[in-house]
Amino acid sequence: MIIDVHVHLGWDYTFDEDFTREELLEKMHLYDVDVQIVQPGTCHTLAQVQAQHDAIARLCREYPGRFYGMANPSPHLSEGEYRAEIARCVGELGFVGIKLHPLAHGVSPASQAGRRAFAAAREHGVPLMVHTGAGTPFAGPVQLISLAQEYADVKIIMAHCGHIILSYESATVLALCPNVYGDTSWTPGYQLKHWCRDYGPRFMLGTDHADNAGTELAKIRTVGLTPEEQEGFLWRTAQEVFWLPIGPQAR
Ligand SMILES: [Zn+2]
């Protein structure tokens, strides 16, 4: 079983990258990825993000049990628009998580706008993924410590675990906040190996870009993790965090 928790579909209006469904489907077949949790590219208007959320929902309906959605409206929309779009995604479209991107949306996690994402995750009982790494100071992993403690009932996933440059901050967050997890994308393999032994199985496969799928899978399989540790990275931790209705009935 392989679950990829960090996947995009749609045009990214901040990074000028087009994430296509063909790439996601090709990856599924090339690398035997069973489940992908799909979020939009960075959008700035409500209309842009609603169109991308709808496209993700169509993909999920077309491939039941293989794709799930993660909502990412800009926290700089009005509070009413933001809350209503999250409610639509989780309540009507069946999305399983929320994303907050401090760099792409120019938002500090602890700001009024940033806190909307934490409050929404709590309200809807879904995990919150937060981009960490490039984009300091807003994207520094340590920004999450006070919020993770305040929202101790919310499962928070550090996307990229601080990339490489801020990865040592991620270790501090993991040590202090048991409700914080990490995805593997762009994260050094040796650190993932040490962290899963120091802080427990709190890491899950994230590719971020379909091009990374082979690399990320090879990293997990070749850095010296035991078969049981690899299982944690490949699907078990993701399943414990997201509680996806997966299994033979969903294939
Ligand atoms: Zn991403």
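Here are some questions and answers about how features of this predicted model get their labels.

Q: Why is Asp32 called exposed?
A: Exposed means over 50% relative accessible area. Asp32 comes out at 55%, so exposed is the label that applies. You'll find Asp32 in the loop between α1 and β3 (35-40).

Q: And why does Asp208 count as buried?
A: The cut-off for buried is under 20%. Asp208 has 14% relative accessibility, so Asp208 counts as buried. This residue sits in the loop between β9 and α8 (213-222).

Q: What makes the phi of Asp208 worth a look?
A: The angle is near 70°, a positive value in a residue other than glycine. Asp32 also has a positive phi without being glycine, with a value near 55°.

Q: What makes the peptide bond from Thr136 to Pro137 cis?
A: Look at omega: the angle is near 5°, and the bond is cis. Pro137 belongs to the loop between β6 (128-131) and α5.

Q: Why is Gln52 called buried?
A: Buried means under 20% relative accessible area, and Gln52 is at 9%, so Gln52 qualifies. Gln52 is part of helix α2 (residues 46-62).

Q: Which residues does Gln52 touch, not counting those up to four places away in sequence?
A: Contact needs heavy atoms within 4.5 Å. On that basis Gln52 touches Leu9, Gly10, Trp11, Tyr13, Pro40, Gly41 and Cys43. Take Gly41: 11 residues separate Gln52 and Gly41 along the chain, and their C-alpha atoms are 7.8 Å apart.

Q: How do you know that the buried residues of α6 are on the same side of the helix?
A: Start with the list: in helix α6 (residues 167-176), the buried ones are Ser167, Ser170, Ala171, Val173 and Leu174. Around the axis they cover an arc of only 165°, so they fall on the same side of α6. Tyr168 and Ala175 are exposed residues on the face turned away from that buried side.

Q: What covers the buried residues of α6?
A: The cover includes α5 (144-150), β7 (156-159), β8 (180-183), α7 (189-199) and β9 (203-204).

Q: What makes a group of residues the largest nonpolar core here?
A: To belong to a nonpolar core, residues of the listed nonpolar types have to be buried and joined through side-chain atoms within 4.5 Å. The largest such set has 54 residues. Val38, Phe67, Ile98, Phe118, Leu128, Ile156 and Phe203 are the ones with the most contacts inside this core. Helix α4 (residues 112-124) gives the most to this core, with 5 residues. A second, separate core has 16 residues, including Val5, Tyr68, Val241 and Phe242.

Q: Which residues is Phe67 in contact with, leaving aside neighbours within four places in sequence?
A: Phe67 is in contact with Leu24, Leu25, Met28, Gln36, Val38, Leu59 and Cys60.

Q: What makes a space a cavity, and how many cavities does the search of the whole structure find?
A: At 30 Å³ or more, the search finds 2 cavities. The largest cavity holds about 40 Å³ of space. Its lining includes His6, Val7, His8, Phe19 and Asp208.

Q: What lines the largest pocket, and how do its residues divide by class?
A: About 260 Å³ of space lies in this pocket. There are 17 lining residues, and His8, Phe15, Phe19, His101 and Asp208 lie nearest the centre. β1 supplies the largest share of the lining, 3 residues. By class, the lining has 5 nonpolar, 8 polar and 4 charged residues.

Q: Which helix gives the largest share of the lining of the second largest pocket?
A: That's helix α9 (residues 227-242), with 8 residues. The second largest pocket has about 200 Å³ of space. Of its 14 lining residues, Pro201, Glu228, Glu229, Gly232 and Arg236 are the closest to the centre. The lining divides into 4 nonpolar, 4 polar and 6 charged residues.

Methods: Residues numbered from 1 in each chain as written. Predicted model: local features only at pLDDT ≥ 70, side-chain atom pairs only at ≥ 80, totals over all residues. Heavy atoms only, no water. 1 Å grid on protein atoms, 1.4 Å probe; cavity = no way out; pocket = protein on both sides within 12 Å on 5 of 7 lines; lining within 4 Å. Points joined across faces, edges and corners; volume = space filled by probe spheres on them. Buried < 20%, exposed > 50% of the residue type's maximum accessible area, 1.4 Å probe, protein only. Helix = DSSP H or I, 4+ residues; strand = E, 2+ residues; numbered from the N terminus. Arc of directions from axis to C-beta. Nonpolar A, V, L, I, M, F, W, Y, C, P; charged D, E, K, R; others polar.
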